[in-house]
Amino acid sequence: MQYYSNSKSNPSVPDDELFNRIRNSKATISEALAYYEALQTYLLKDPIGDPRYSLIVDQLTVVETILSGIEGALPPKSPPPGREAEFDVSSPEKRNSLERTLRQKSLAEIEAEIIAAATSDNPKLALTKLAAENNAAYSVIQELAKTLLYDRGLGTRYDMDKADYEQCISKIRDLELTIEDPGEKAWKFQSLARDYRRSQKELRESYCKSLIAQHLTEPLTNQEFIDQHGSVREWLVRGWIPKSSLVLLHAQGGIGKTLFVQHLIKHIAMGVDWSEYAINKQGGVLYIQSDTSPLNTIESLKQAGVTPDLPIRFHTDWQIDYTAAMYKWVNKYRPVLVVIDSLTSVSRYSTISENDIEYARPLLYMGDIAREFGCSFIFIHHSNSSNQARGTKGLRNAVDEVWRLEPIDHKDPTNPERLLAMEKSRSRMPMRYRMKLNDDDFSWECLGQENAAGEIEEQNTSARWLIVNHLKKNSGVRFTACDLAYAANVPEATVRRELPGLYREGLINREPNPNYRNGKAEAKHFYLY
């Protein structure tokens, strides 16, 4: 490790320029020691409320690790009890004895030992033992190993940096999925950062990027892709909530977003269709409610007709960092829907600003859980003054569906009608719906689609129900518009007018007719459920 001149006394804290020079071996030992002491002095003042606290702790960890690898830079630590004799090199005789032991090995022998350790099953452990046996800093042995592997053409086959990276990512994943106590998780994460001579922020960035890349596989053929994922979309609530999806519902306070989600919870737990929107899979619901009091939740669910025997589990203290607990609960109880109300309340102990892209990271973890267990998530969130989802745009990017709920008449709070706008959807055409909240039982009625002029689109409700119901009864069977009109006893002109809208809403499926292109069939599409 080489250091350069330009010493600097009494450095300020934090000093990113000096810290980067120390980390990149471009500072003097005196500069590194001075900065190390300045960081320690700062932390002795116990400035936990200072927003720079975490940054300075990370810097102190890195600087201490670097100085520990330089012989004599830091005062020696006390030897373990009962092993004082092993660490006693105070007398000239013992120092000379240690030096003679090291000189007994030839350069070729040392290089051979390093190569063997670096190419073993656990190179980090083997190199650590080798460093201890030869009274050398691990960082020195590691750099020698990298140089030797590169010089001998083994750098690609035995990539130590990659091995460290993969091992570190595996340890972080274990922390995220197995440690339920956030304090213990943070403690172990700090230790991990020290072990790998990285800051906590650098480790988190690497882990986030690994999550993005972890599903990268070889490209599939068209048939392989269909076989792996299926050719028909699966729904939890037909046209609204796809299976294994993440939904973000945002609104201003007091608009009714919680009541709307409780309406969906009731229908899913009971397995009862919501008007023409089928509940394709009845199942349990895990309800994380930390945005309002338990009594308010109990009362609103009771008014909505949710009985105690329905398969709903509640938790009021879960926080967004409790990834391991969420994974355990979903694995144990296998809910078809997880509701988190609200994203703000479960993040109240987070040190990350909601405007930071890092704020969206936990949603990526929830996406992994959703795909592994086939459940869907609804995150209830608040809108900003511009009526957009509050916080980083990373939230919108991390989910599959984004819904916005707002009043029809902002000046009349007693008006029960609402506008639900599907701002983003990966499963169907985004649309705007006119909704109505019934105060007597807290149920919601979909009055129809709203056009750009704010008017409800004219639809033949009875014909739509007959078409969807007939296709549902004959699930998997393909019909042309003409066949469907005859089978459902609906005029063909009405069927042809309603089918495109039903398909755009995700209420039915559509497949191209292969015989249409070669002129052997008049029907362009088949329709099915």
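# A walk through the salt bridges and beyond

Start by selecting Lys328, which is partly exposed at a relative accessible area of 40% (buried means under 20%, exposed over 50%, partly exposed in between, with a 1.4 Å probe and protein chains only). Before moving on, note that this is a predicted model, where local features need pLDDT of at least 70, side-chain atom pairs count only at pLDDT 80 or more, and totals for chains, interfaces and linings use all residues. Residues are numbered from 1 along each chain as its sequence is written, and side-chain values use heavy atoms, with hydrogens and water left out.

Helices here are DSSP runs of H or I with at least four residues, strands are E runs of at least two, and numbering goes from the N terminus. Glu180 is partly exposed too, at 36%.

Next, pick Glu276 and Arg464. Their closest N and O atoms are 2.6 Å apart in another salt bridge. This pair also links distant parts of the chain, with Glu276 in the loop between α13 (257–270) and β4 and Arg464 in helix α18 (residues 461–473), 188 residues apart. Are these two buried or exposed? Glu276 counts as buried because its relative accessibility is 15%, and Arg464 is buried at 2%.

Then select Glu176, Lys185, Glu358 and Arg361, which salt bridges with shared partners join into one network. Within it, Glu176 and Lys185 pair at 3.5 Å between the closest N and O atoms. Glu176 is buried at 10%, and Lys185 is buried at 10%. The salt bridge count comes to 24.

Leu286 is buried, with a relative accessible area of 7%. Show what it touches (heavy atoms within 4.5 Å): leaving out residues up to four places away in sequence, the partners include Arg313, Met326, Trp329 and Leu337. Pro311 is 25 residues away in sequence and 8.7 Å away in space, C-alpha to C-alpha.

Last stop: Arg517, in the loop between β12 (509–512) and β13 (525–528). Arg517 counts as exposed because its relative accessibility is 81%.

Terms used
Salt bridge = Lys/Arg side-chain N within 4 Å of Asp/Glu carboxyl O.
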